[in-house]
Amino acid sequence: MRDYDAATAFLGEWGRFQRLIFFLLSASIIPNGFNGLSIVFLAGTPEHRCVVPRGANLSAEWRNASIPLELRDGQEVPSRCRRYRLAALANFSALGLRPGSDVELEALEQEPCLDGWEYSRDVYHSTIVTEWNLVCDDDWKGPLSTSLFFVGVLLGSFISGQLSDKFGRKNVLFATLAMQTGFSFIQVFSTSWEMFSVLFVLVGMGQISNYVAAFVLGTEILGKSVRLLFSTLGVCIFYAFGYMLLPLFAFFLRDWRMLLLALTLPGLLCIPLWWIIPESPRWLISMGRFQEAEDIIRKAAKTNGITAPDVIIDPSELQDVNSQKQQTYTILDLLRTRNILTITIMSVLLWMIISVGYFGLSLDTPNLHGDVYVNCFLSAVTEVPAYIISWLLLRNLPRRYSMAAALFLGGCVLLFIQLVPSHLNVLSILLVMLGKFGITSAFSMVYVYTAELYPTVVRNMGVGASSMASRLGSILSPYFVYLGAYDRFLPYILMGSLTVLSGILTLFLPESYGMPLPDTIDQMLRVKGLEYRPPSSSTRESKEEEENPEIFKSTAF
C-alpha cells in the first residue's frame, strides 16, 4: 500500500510494539531451524554388519571369520552388506577345519544379509534406518526421505503465498504451525518407512508455509528501516539458533521417536502468540477491512505510548490507490526480452547451485570425522557470522563482488579438501565449515540481490521463480551426500566445482548496489557482455512506482 507508511509514520520505527513483533515473529522461526534438518539424526546410519544367527552351527573361530573384510577409507573393515555363505562355513566347522590356515577365505562364496543386520549403538540407539533396515539394497530410502521433505517444501512454496493472500497472514501462520506440529507428532507413531515419508512431505509443506507467512507478516508490519534487519538478520539468526538446538536435543535423546517428540513439543509454545501477534494491517486494508486495520494501529500506538491522530486511514483515498492497480504481467514476462531471459536463467542456476551446496553440507555433517553432534553444532554456529557478514556486505559493498567472493571462498575450500592428508582430520572439518560459511553468506545475499535485479512489475514472480529453483536444488542435495558412499571426496568436488562456477556466473550479472530499483522491464540493468537491442514499440510500460513490501516474500531456507 503506497500511503500506508505515511499514514502510520506517527508510530515510529522501533517502539515497544515493533520490538515485540520483531522478536516474536523471529522466535516463531526457531522450530524451523531444528525441524528442517532433523533428518540428519532421525535417519543417521550407524555402523552395521550382517547378523550371524545364534542357531548357526559355527565354532567361535568360524563365527568371528564369517564377515568378509573390505577396503574403506584405506582401511580393511568388516563388510556392511555381505557375509560368507553360512551353509559352507557350517560344513568347514563340522570338519574341524580352521579359517585362514585350512581354508582360504577370499575364495569362499558370499551371500547378502539374509537374517538382517546388527547395528552399533555407540552413536545412535535407534533411527529410522535401524528400525526399518534402510541399508545396503535399501540405502536409497534414507536420502529419498530427505528429498520428500523438500518436495513438501516445494509444494508449500506454491500454495503458501496464495493462501496468505486469501485468508490472511496471521491465519496461515498459525494454521501451518499447527500443521507442522501436528503431523510431526503423528510421525512419532509411524509404523513403516512409507508412512514416515508421506507425513514428512506434509511437515515440509507446513514448515515453509509458516516461514513465508511470518516473513511477510514481519515485512508488512515493521517500518522500512527495520524491514531489512528483520529479513536478513532477525529471521536468519533465530533459524540458526534453532539449528544449534538440534544437536543438543539429539545428544541427550538417542532414540529417534523420543527425539522427534522433543522437537515437536516446542511448537505448542507458539499457541499464546495468537493473542499477541496481530493480523497485517496492510492485508486488512487490501481486503477492505479498514476498521480492523485501524484498531490494530491504534492498539500499536497505545503500546508505544503514542497518541494516535483522529483519522489514520482514509478509506476513499486507499480505495483510489487500489483501483489504480492492474495485474497485467505473467510468468512469461520473465522470458520476454533477451536481457530479462538471461537474468532469469542465471538466477535460476545460481539459486539451485547455492541451495545444493548449503543443504548438501548441512546434511553431510554425520559423514565428517569426529563427533557427529559437535560437527552439527559447528555447522549451525558457522551460520551466525555468515549472516552478520552478509548483512554488513549488503550495506556497504557492491552486490556482485560480495556474492562472487563468498561463492569463490566456499567453492575453493571444498575443492582443497581432497588435498588434505588423511591424518589431518581437524583441517578437513575446518575447510568444510569455511565452505559452509561462504555458501551461507551467498545464500543470505542472493535474496536481496535478485529482488534488486527484477523490476517492480515482475519482482515477486522473479524472486518466486528463483526460489522454486532453490527448492529443486534442496531436493537434489541428499543425493550429492549419497555419492560419498562411493567416494568420500566426490560430494565436495561436485559441490565445490558448481559453487566456483556460480561465482563466475555472478560476475556477469549487473551491479545493483546504489542503483534505483527498476520499475519496468525496460529500466532493468543490463547483463555484462549482452548486446543491447532497443525495445520494440509494442513493449509494455508500467507507471507503478509503489514500494513493494513483499520483495522478500519468497525468502525461505
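The model is predicted, so a word on the ground rules: local features need pLDDT of at least 70, side-chain atom pairs count only at pLDDT 80 or more, and totals for chains, interfaces and linings use all residues. Residues are numbered from 1 along each chain as its sequence is written, and side-chain values use heavy atoms, with hydrogens and water left out.

Let us start with the cysteines. If a disulfide is taken as a pair of cysteine sulfur atoms within 2.5 Å, the count comes to two. One of them joins C50 to C113, with an S to S distance of 1.8 Å. The angle about its S-S bond is -60°, and the link of C50 and C113 is left-handed. C50 sits in strand β1 (residues 48-50), while C113 belongs to the loop between β5 (110-112) and β6 (117-119), so this pair ties together parts that are 63 residues apart in sequence. Helices (H or I, at least four residues) and strands (E, at least two) are DSSP runs here, numbered from the N terminus.

C50 is buried at 1%, and C113 is buried at 8%.

The other bridge is formed by C81 and C136, whose sulfur atoms are 2.0 Å apart. This link is left-handed too, with -95° about the S-S bond of C81 and C136. C81 lies in the loop between β3 (75-78) and β4 (82-84) and C136 in the loop between α7 (128-132) and α8 (141-167), so the bridge ties together parts that are 55 residues apart in sequence. C81 is partly exposed, with a relative accessibility of 27%, whereas C136 is buried at 15%. Counting bonded cysteines along the chain, the pattern reads 1-3, 2-4.

Next comes the interior. In soluble globular proteins, nonpolar side chains tend to be buried together. A nonpolar core here is a set of buried Ala, Val, Leu, Ile, Met, Phe, Trp, Tyr and Cys residues joined through side-chain atoms within 4.5 Å. The largest has 122 residues, and F41, F196, I354 and M403 have the most contacts inside it. Helix α20 (residues 425-453) gives the most to this core, contributing 14 residues. Apart from it lies another core of 14 residues, including V52, I67, L86 and L89. Taking contact as heavy atoms within 4.5 Å, and leaving aside neighbours within four places in sequence, F196 touches I39, L42, I128, W132, Q187, S190, W256 and L260.

Helix α11 (residues 224-252) and helix α12 (residues 256-264) pack at about 140°, with axes 9 Å apart; the axes are lines fitted to C-alpha atoms, for helices over the stretch in contact, and angles run from 0 to 180 degrees between N-to-C directions. That makes α11 oblique to α12, since angles under 35 degrees count as roughly parallel, over 145 as roughly antiparallel, 65 to 115 as roughly perpendicular and the rest as oblique. L246, F249 and A250 of α11 meet L259, A262 and L263 of α12. In the loop between α11 and α12 you will find D255, which is in contact with H125 and S126 once its neighbours within four places in sequence are set aside.

Methods: Buried means under 20% relative accessible area, exposed over 50%, partly exposed in between (1.4 Å probe, protein chains only).
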